[in-house]
Amino acid sequence: MTAYDLYLVSPLLALAGLAMMVIIVDLLTRRTGLLVGVAFVGLAAPAALSAWQLAELVSTGESRLSAQGSVVLHTLSIDRFSLFFNFLILAAAGLVILVSTDYSRRMERLQGEFFGLLLLSATGMMLLVSATELITMYIALELTTLPLAAMAAFLPNGRSSEAGMKFLIIGALSSALMLYGMALIYGFTGSTRLDEIAAALSAGASAGAFPFGSMAVLLAIVLLLAGFGFKMSAAPFQMWVPDVYEGAPTPMVAFLSVASKAAAFALVLRVFYVGFDALGGDWWVLLAGLAALSMTIGNLVAIAQRNIKRLFGYSTIAHAGYILVGVAAVASVDGTATFGPSSVLFYLAAYTAANLTAFFAIVCIGNRINSDEIADYSGMLRRAPFLAIALGLALIALIGVPPTGLFFAKIYVFAAAINTGESLMTWLVIIGVVNSAVSAYYYLRIIKVMFLQTPIHTERVGASWPVNVALGIATLAILWLGVAPTPLLGAAERAVSVLSGG
Amino acid sequence: MSLEAMLVVAAVLFCIGLYGALARRNFIAVLMSIELMFNGVNLTLVAMGRWLAPYTVQEQLSAVLTGQVFAVFVITVAAAEIALGLGIVFALYRTNESVDLTDAATLRH
Amino acid sequence: MWFEQIVFWALAAVAIGGALGVVLVRDLFRAALLLATVFVAVGGFYVMMNAEFLAVVQILIYVGAIAVLFIFGIMLTRDVQRGNAPNRLQIPAGVISALLLAAMVFTAVTTDWTTLAGAGRENQAQIAQTQAVGIPDATELTRAGLSAEEVESVAGSGLADLLIGDFVLPFEAVSLLLLAAAIGGLALARGRGR
């Protein structure tokens, strides 16, 4: 362990240290405002360290940080890809912490633990996006999932406990499936490092009659996809999503729906584009199947939902499907494999902005009217103009209408799919477009309830200033990505160049 | 005793656990079934290390023991999962007086 | 080695029989005891595969801690009467498990596990000649043509060296995981009020 190793993992150390500091502060004081302040301001440290690492990458022009004799580089890679996700995760964590100011009072005495576990989970995500070795990935995944499972059960009611229980069981079950896949890969290639796995697979990739050259690799990929599918909340591994979304504390659901999903997709991109690159990319057919299934199931079931958190549970399944279209767009006609992954990164960023805005509005409204039923949102425009307009904008963004970031994101993802030149991918795009049209129905229904119906109560709904600040930032991010997508798209393209060995 | 025999035994353990995890109602029974799956995975990992890793010995000679290292991590994570799982069990039992997954299905519409 | 065969199949019978008991027996308390039996049998497999350290860990953590935690949980929730009843998903669950088992057994039996693992590696043939099963010992490696330096690095690479060497990062991360589980478990078990 050298000093350079410590520098490589310093953002992780800072974040984990912040988590412990928050828990200690909670022991000393009971003031929520102070806790939120420490947690939010403290995020500047990992962000600054990540920015420092990015600055070094930019100044040296290298694709990843490297050093002689470094131990941790056996298990992780600090590159533009991982740093892109670091910033995304830290931004999501910061905004969610601000928004929890009002809501966390519902957790009574568990506020310090709530913020501490949120930060520990974010640490797991940051480790996950930089991991290049199977054991590290597994530990990082568990470090992401376990704190979230505990947080899901934090509200003092039965539904919340049930949500935590379901999340824990499904998480453990999917981990077990994924682990068996990892064991097969280790047995077949003799290594748990992605680069060595890729080397071993390419040495004998063409042998054998099965897809991917061997039954062992085929089974391993299927099991890995099953495990990752749970984390990405993609169908047919989505049964837990609506129940957890409905029962768990809303700020935790907001964090789960964007950061956990982004980390899971980063993992999938790294494992498949680096580790299984040598297999010729046949696995995209499996991913395309998952994509079609997720989009269709998510959108069709969402139509019938009356609870807004449950509806967003199905909506997130549908969006996992759209993102998977980009992941499946592995080969393009001109031979570059960066279009698909970079569209995924852009989509994840735009989705983070839109979904966070929507959930933040739901947190504020639900906190005041004590209900998550869509019917109770009637006339919200008159009771809380700012919240209603922000939620309306987020819903429009989720449909994929300009001038919002997700409009460009959908275009990029579908363009990447068509660019592969595969007829199957063209069909996938058609399914995606039809699904977007279907999704407009249930998103617009909420807008109609909020904007056109008369309110049941006339009592105003408001929120404290940190919540409004977070909501404002997330709303501006939607619009900014819709008006000027180029800088972020450039960053995404540079980030994914690492995957193809650039 | 051969690699294939060990892998088959591990696979049987894993699939019995999977059946239990999907078909049981009691939360603690489901957690126990998942432990069976983890044990199946661990047996697979150690068996892979024992029979296969010698073939890969080259520049990274430590690959021999990677399977066992992996198994140690799986055991540790399993212990953490159970600790948290029991915390949730008690929270659930306090509110619902039951740890049945079917009773817990009040969430469904 | 007929003796080894007998021990192996005896352990397999105990493990599989116990596992079936865990998922089928209605009395949860007995299921937990059977689970402990399975853990011991799996520990026996570890000993047979030269993984003695793992066998000790298996007994200490699985039998000593996890099985006991389960028994605590079962007794404290007093849900023993209703027990280990199945839900409505028995048939689909059985079908899924059986299909996966078939795929796994097929994979285990048909895959030539040595093709890719050794592809293009220099020492493969030499080590294969020694018939080195298990963690190779020094004489086997020397016979396989490794230099004294390499032999030393294999013989000296214990689990501990790996845990705080190549795998130091997951090793440290797992401490965060245990911390998170402890915080979460305590917070939930302690209760929210007062």
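What does the pLDDT of chain A average, and what share of its residues score at least 70? I started here since this is a predicted model. The average for chain A is 87, and 95% of the residues score at least 70.

**Entry: confidence by element.** I then looked up the two ends of the range in chain A. Confidence is lowest in helix 9 (residues 194–203) of chain A, with a mean of 80. The highest value belongs to helix 7 (residues 134–152) of chain A, at 94.

**Entry: chain A against chain B.** I counted who takes part in the contact: 31 residues come from chain A and 35 residues from chain B. On the side of chain A that touches chain B, helix 7, helix 8 (158–189) and helix 11 (240–247) of chain A are the elements that give two or more residues. Helix 8 of chain A gives the most, with 16 residues. By class, I noted 17 nonpolar, 9 polar and 5 charged residues on this side of chain A.

**Entry: helix 12 and helix 14.** Next I turned to a helix pair within chain A. The axes of helix 12 (residues 250–275) and helix 14 (residues 308–328) of chain A come within 12 Å and cross at roughly 15°. Angles under 35 degrees count as roughly parallel, so helix 12 of chain A is roughly parallel to helix 14 of chain A. The crossing of these two helices of chain A is right-handed.

I also listed who meets whom. From helix 12 of chain A come A:T250, A:V253, A:S257, A:K261, A:F265, A:V268 and A:L269. Their counterparts in helix 14 of chain A are A:K309, A:T316, A:A320, A:I323 and A:V327. My tally for this contact reads 7 nonpolar, 3 polar and 2 charged residues.

Terms used
Residues are numbered from 1 along each chain as its sequence is written. Chains are lettered from A and ligands numbered from 1 in the order in which they are written. This is a predicted model: local features need pLDDT of at least 70, side-chain atom pairs count only at pLDDT 80 or more; totals for chains, interfaces and linings use all residues. pLDDT is the predictor's confidence in each residue, from 0 to 100. Helices (H or I, at least four residues) and strands (E, at least two) are DSSP runs, numbered from the N terminus. Two residues are in contact if their C-beta atoms, placed from the backbone, lie within 7 Å. Ala, Val, Leu, Ile, Met, Phe, Trp, Tyr, Cys and Pro count as nonpolar, Asp, Glu, Lys and Arg as charged, and the others, Gly among them, as polar. Axes are lines fitted to C-alpha atoms, for helices over the stretch in contact, and angles run from 0 to 180 degrees between N-to-C directions. Angles under 35 degrees count as roughly parallel, over 145 as roughly antiparallel, 65 to 115 as roughly perpendicular and the rest as oblique. A crossing is left-handed if the near helix is turned anticlockwise from the far one by less than a right angle, and right-handed if clockwise.
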